[in-house]
Amino acid sequence: MDVKLDPIDEIMLAVYFRGLKIDEGMGQIKAIILAHGYATASSIANVANRLLGKNFFESFDMPIDISVEDIAAKVLNYVENNDVSRGLVILVDMGSLTDIDELFKKHINGPVAIINNVSTQMALYLGSMLDKELFLEEMIEKLEKANKMDYKIIYPRKEKEKVIITSCQTGMGTAIQIQKLLHDSISEDLGIKVLAHDFNRLKELGTSETIFQVYDVLAIVGTADPGIKQVPYLSLEDIITGTGEEKMRKIFVPIVSEEHFAEINKNIIWNCSLERVIDSITILDSEKILSQVEEFVNRLEIRWDECCYSGGCS
């Protein structure tokens, strides 16, 4: 450049260039991010590079309709202009991109790791290991262990709706019929739902079943007890025969008035009369029902005899 430098000029230039902290990155493992979308890959790379304080990641944003061949061409162009002899890590967003290795195997001179389901957390963790200059195989093993899926199901904290569950050991068909009988007996303005549910799931999962997390379950009504101690069970036979009134009172009275309970009880007696239930359900315990019918007939005969003996009949 035809510029004469004094020794002091050379010293100042040396200090200046040293202060720039230019890092050619030769011999380091390289990393790129490939993701579909307008700025998905570049956004992840930008966040990771800024938080890590170094430019570890190159990014390639790809249209949704881009072909695998076009993606491979982008990677090949990167490989031709960068030293990847120590290794290259490619973070991709979808499984289909993992097939790109077949298109550039012959053009690489170092190991390549392709990792699916890229995320910002994954990029940060990989970047921290690139900074420590770990071996490629060691980084991939650590990355696999660190990216196990964690999950949490969050249920709303609002006051749960009150519900009565109906179930049947033989299947959902009868449970739905029982649901209809009870639904017609409980006024909608009381805010009590009646839902049919699978008996086997109730028996197997108990209060771990999702319906108990979403609703405040008042009782289970059905043809067989699923054995959930925390929730009262009321058999359909008890409702039909009237022996379950006290159990029903314990279920309803804490949340409705005596007046409303009397109305519910009256409706249930009507809607769950033997004739109406038999029209809807055919799997009742016939032995128990017949014993009730027999007792009713016996009482009727006694009343009839008493009436005739007193001269009340002709």
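Visitor: How many salt bridges does the structure hold?
Guide: Seven salt bridges. Keep in mind that this is a predicted model.

Visitor: Which residue does K54 meet in a salt bridge?
Guide: D131. The N to O distance between the two side chains is 2.9 Å.

Visitor: And where do K54 and D131 lie?
Guide: K54 is in the loop between α2 (40–52) and β2 (57–62), while D131 belongs to helix α5 (residues 120–131). The pair therefore ties together parts that are 77 residues apart in sequence.

Visitor: What's the accessibility of K54?
Guide: K54 has 42% relative accessibility, so it counts as partly exposed.

Visitor: OK, next pair. What does K162 meet in a salt bridge?
Guide: The side chain of D216, at 3.1 Å, N to O. K162 lies in strand β5 (residues 161–167) and D216 in strand β7 (residues 215–222), so this bridge ties together parts that are 54 residues apart in sequence.

Visitor: How accessible is K162?
Guide: K162 has a relative accessible area of 23%, which makes it partly exposed. The cut-off for buried is under 20%. D216 is at 30% and also counts as partly exposed.

Visitor: Which residue does E245 pair with?
Guide: R249. The closest N and O atoms are 4.0 Å apart.

Visitor: Which helix holds E245 and R249?
Guide: Both lie in helix α11 (residues 245–252). They are four residues apart, about one turn of the helix.

Visitor: Why does that spacing matter for direction?
Guide: An α-helix has 3.6 residues a turn, so residues three or four places apart point the same way.

Visitor: What else is linked with E245 and R249?
Guide: E258. The three are linked in a network of salt bridges. As for accessibility, E245 is partly exposed at 34%, and R249 is partly exposed at 27%.

Visitor: Switching topic: α7. Which residues in α7 are buried?
Guide: T174, A175, I178, Q179, L181 and L182. They cover an arc of only 165° around the axis, so they sit on the same side of α7.

Visitor: What span should α7 have?
Guide: Helix α7 has twelve residues (172–183), and at 1.5 Å a residue it should span 16 Å. The expected span uses one less than the number of residues. The end C-alpha atoms of α7 are 16 Å apart, which agrees.

Technical notes:
Residues numbered from 1 in each chain as written. Predicted model: local features only at pLDDT ≥ 70, side-chain atom pairs only at ≥ 80, totals over all residues. Heavy atoms only, no water. Helix = DSSP H or I, 4+ residues; strand = E, 2+ residues; numbered from the N terminus. Buried < 20%, exposed > 50% of the residue type's maximum accessible area, 1.4 Å probe, protein only. Arc of directions from axis to C-beta.
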